[in-house]
Structures are given as structure tokens and as C-alpha cells.
Amino acid sequence: MNTVKGRIAARCAALVMSVAIVALPIATLAQTKISYHSNKYSTQDDVKLGRQAAAQAEQQFPLLRDSQVSSYVESIGQRLVAAIPAEFQHPEFRYYFRVINARDINAFALPGGPMYVNRGMIQSARTEGEMAGVMAHEISHVALRHGTAQATKAQKYSLGAGIAGILGTILAGPTVGQAAQVPFVVSFLRYSREYETEADLLGARIMANAGYDPRDLANMFQTIERQGGGGGGGWFSDHPSPSNRYARINQEAQYLRVNNYPRDNREFLAVNQRLRGYPQAPTMAEIQRSGQRYPNQGDEYPTGDRADYPSAPRGRVENPSSRYRSYTVSNVLRVSVPENWRELSDQGSSVWFAPAGAYGSTNGQVVYTHGVNFGVAQTNNSNLQQATNEFINSLQQGSGSLRARGGYQRTYIDGRSALTISLSNTNEATGRPEIVNVITTQLRNGQLLYMITVSPDNDYYNYQGVFQNILRSLQLND
Ligand SMILES: [Zn+2]
């Protein structure tokens, strides 16, 4: 008896094996090849940035506090994460899934893993597979590191573009027009069509691995479309051209083998019923217009310093306070800046201090109109002036309008010999002429420490003294 059963089982296994051996290479060949884009950031940077952006997102949008809904969405998310193909897995990434109590059909994921699904998205999906499709697509953007790949491409102007600069890329507001009404915007990265296609294709693969029909991702496009695109903004507007994508996903789906996984919609329907019991959620735009903040959310993910970038410098800049506050920057230096300036940094290579209204994100980059920036540049040049020249050249490569107004002058930083040079520039956000001063000295390890000051031409007179005070306060601890 046992042997007969065993023989049948073995024969079945052999049959499955032969099918797999025949079928797999064809399937693998027909699947579209996906690879990483060039990326100058480390996967650790993805994690760090995602955490900062998540902290900001969670202050701006109310999370739905319902443990049944949360644990359901989390379990679907983790099932999808486990199905990411090995070549796109990053053990340091930490995927987690939260529900925003907003009506729009939307979802977004941040580098390194934090992901947010709107209540409206769950409620508009017809099946668990459709909801999972959107999540698999978003997970794919994370796994393919599209956020930092895009920042690598976009970051041309690097006055202090460290990690702090790229955070602005990730948190960049959608459009200037909208930004006027909605000063604090965590927007959803707009990717190129190429990136979207890749996220669709990898998303379809993840779906199949996780036991979902990959066509459910395509179906979700139709579902959203039927519901009028989910309002003005939302996932649909960030993910245009649904008919192409529908066809493309379905085409890819032919080559994917769906892993056997018992699927049913019971839990999905129960969760939806629960959601219908809540009062109607506001839209994300309504939430942002209300200006309400949610400071105690997400505190289980400590993030260190939080940068807060509105989506364009707003122009009205407070006068520098006459009281100063001192900061330690990366254990390299100590500096005093006006008390009403904020530190905008993470622990990356560059730190800004600037007043409210003097910084914001424009064209995917953080732009400052007033403030000081400290950073350390790598150099192999032991001659301070030559090293500074290299550094200025790198700044000029990013900003075509940056021009020296005169030559170098000698100065001191904490008693150490330093150089200063004044440059003129056109501010990328305001288009106004500005004065950029660069002061450099060499650290004991040979690296170049720089301080950059920025202020509009017509404000320079008011800020000159402040910049002098800041320079005089500098203490080096290298
Ligand atoms: Zn996308």
C-alpha cells in the first residue's frame, strides 16, 4: 500500500519535474529582463531616506488605527515581500505597511521599505488580488531602488547636495500651483514611464510568486478608471496610460507561472465591511489644507533629525534672530547660528542652517535662498587653493550661472588658515541674483571642510554680519 502510494507520488513528482524543466526556460526567456539603474547612493541611504520621509508622511497624514485592518494589510504586504525575486531582495530594507485614513485611491512607498496604502485604495479594490497588485507595484519601486536612482539622475546642482538634498527630491511637491495651497507636501514620486513599466513587470512577477494572478494588477487600473480615476490626484494620475499598461501586464502574465496558493476573498471582504463602518475619510488634499499635524504617529521608528521641506521657498523669510544657538555637526565642528534657524540635515556629509521660508524643493531639488551650509569634500589635493578650485568647479558643473566675483582671500577658521571666495549666482527657485560665499580649510585628514553662505543680492547687506558671526564661532574638532 505504502509502496504503491509512494510510487504514484514519485511518478507525479517526476512528471511535475519534467514539466518544470521544459516550461521554465521558455518562461524565463520570455520574461522581460529588468535590471537596476545606476545609483550613487548606498542601500543604507535608501533606508535612511525612507525613514525620514516616513516620519514626515506620518506627521502629515492620519493613520487608520484599526488593528484588524492594519494586520491584514501588513500580512498581504509581507507575503508579497517574501515573493520578491532573489536578485531584488535587500536584507537591510525593512518593509512595513500602514493605512492612511484618506479617501483618495492612492498608495505610495518610500525608499528602503515604508509603504502607505490609503483607505480609499482598499475600498475601491474589488478583490484582494487588485489591492495586492497596487502594493506589488509599489514594492517593486522600492526593490528596484527607483527613488535613489531617480535622485542620482536628477541631482545636478549640488550646493550641499548630500543626503539632505535628496530627501527634497523624495519629498518634492507635485507642482508649484498646488504648492501654494498646500505648503507641506509629501508627494508620491513621479517616475519616468520606463520606471513605471519596470514596476509593473516586477510587480506582476511578485504577484505570481505570491500566488496571485498577475492580471489583477492590470484589472486594478480598470477598476480605478471606472471609478473616475479616484479624483484629481492619486495613484492614477501618477500612473498614466492605463490601457497600454493593462496590455503590457497581461502580455507578461502569459509567461508567469502562478504559484499555487489558496486564495479567497473572505478576509478582504470582512476588512472592507469594517472600513465602510467608519465615517467617510477626507481626501489627502483636505488633510493638507487643514494644516493638522499628527506628531505622535509612527514614533516606533526613530529617525533622528527631521528635515521639513516645503515644496518651494516661500519667500517670506524671518530676520535672523540676534540670539545664537550652537550645534555640533558630525563631531567635526561646532558652530553657532541664529536661534530661529533650523538645522536641516541627516547624518550625511552636508548640513544646512536656514530660516523658515528660505528653503524648499524645486524641480526635485532642495533650493535655499538664505542660509549656511557645512560639508566635507573628498580631495587628493594637499594644496588648499587647488582643492578649493576643484570644489568650486564641481559646484559650477551643477549650476551654470555660478561665477566668481573676484579672487581668493585669506581668512581663518578657528585659527586655521582658510580661503574665501565670493560668487554670484541665479537662484534656481526664485530666479533672483544671489551671493554665494565659499570658505574652505583643510581638515587634518586632508579632506576639505567647506562653509557656503547664500543670500539674495539685495539682502546681502543684512546677512553679511550674521555670516561673519557664524564663521567666527566655528570650532574644529578634527
Ligand atoms: Zn509607480
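This talk walks through one predicted chain, from the confidence of the model to a few local details.

Because this is a predicted model, local features are taken at pLDDT of at least 70 and side-chain atom pairs only at pLDDT 80 or more, while totals for chains, interfaces and linings use all residues. Residues are numbered from 1 along each chain as its sequence is written, and side-chain values use heavy atoms, with hydrogens and water left out.

Let me begin with confidence, where pLDDT is the predictor's confidence in each residue, from 0 to 100. The chain has a mean pLDDT of 78, with 76% of its residues at 70 or more. Over residues 1–27 the pLDDT is below 50, and this stretch has three contacts in the model beyond near neighbours in sequence, a contact being heavy atoms within 4.5 Å. Residues 156–188 also stay under 50 in pLDDT, but for them the model has 99 contacts beyond four places in sequence.

Turning to the overall build, the chain has 16 helices and 16 strands, which are DSSP runs (H or I, at least four residues, for helices; E, at least two, for strands) numbered from the N terminus. Of its 478 residues, 56% count as buried, meaning under 20% relative accessible area, with exposed over 50% and partly exposed in between, for a 1.4 Å probe and protein chains only.

Next, how do the axes of helix α5 and helix α10 cross? The axes of α5 (residues 128–143) and α10 (residues 215–226) come within 7 Å and cross at roughly 105°, where axes are lines fitted to C-alpha atoms over the stretch in contact and angles run from 0 to 180 degrees between N-to-C directions. That makes α5 roughly perpendicular to α10, a label for angles of 65 to 115 degrees. On the α5 side are Gly129, Glu130, Gly133, Val134 and His137, which meet Asp216, Leu217, Asn219, Met220 and Thr223 of α10.

Arg145, in the loop between α5 and α6 (146–154), has a positive phi near 60°, and Arg145 is buried, with a relative accessible area of 11%. Asp414 has a positive phi of about 50° and lies in the loop between β12 (409–413) and β13 (416–426); with a relative accessible area of 42%, Asp414 is partly exposed.

Key:
Parallel < 35°, antiparallel > 145°, perpendicular 65-115°, else oblique.
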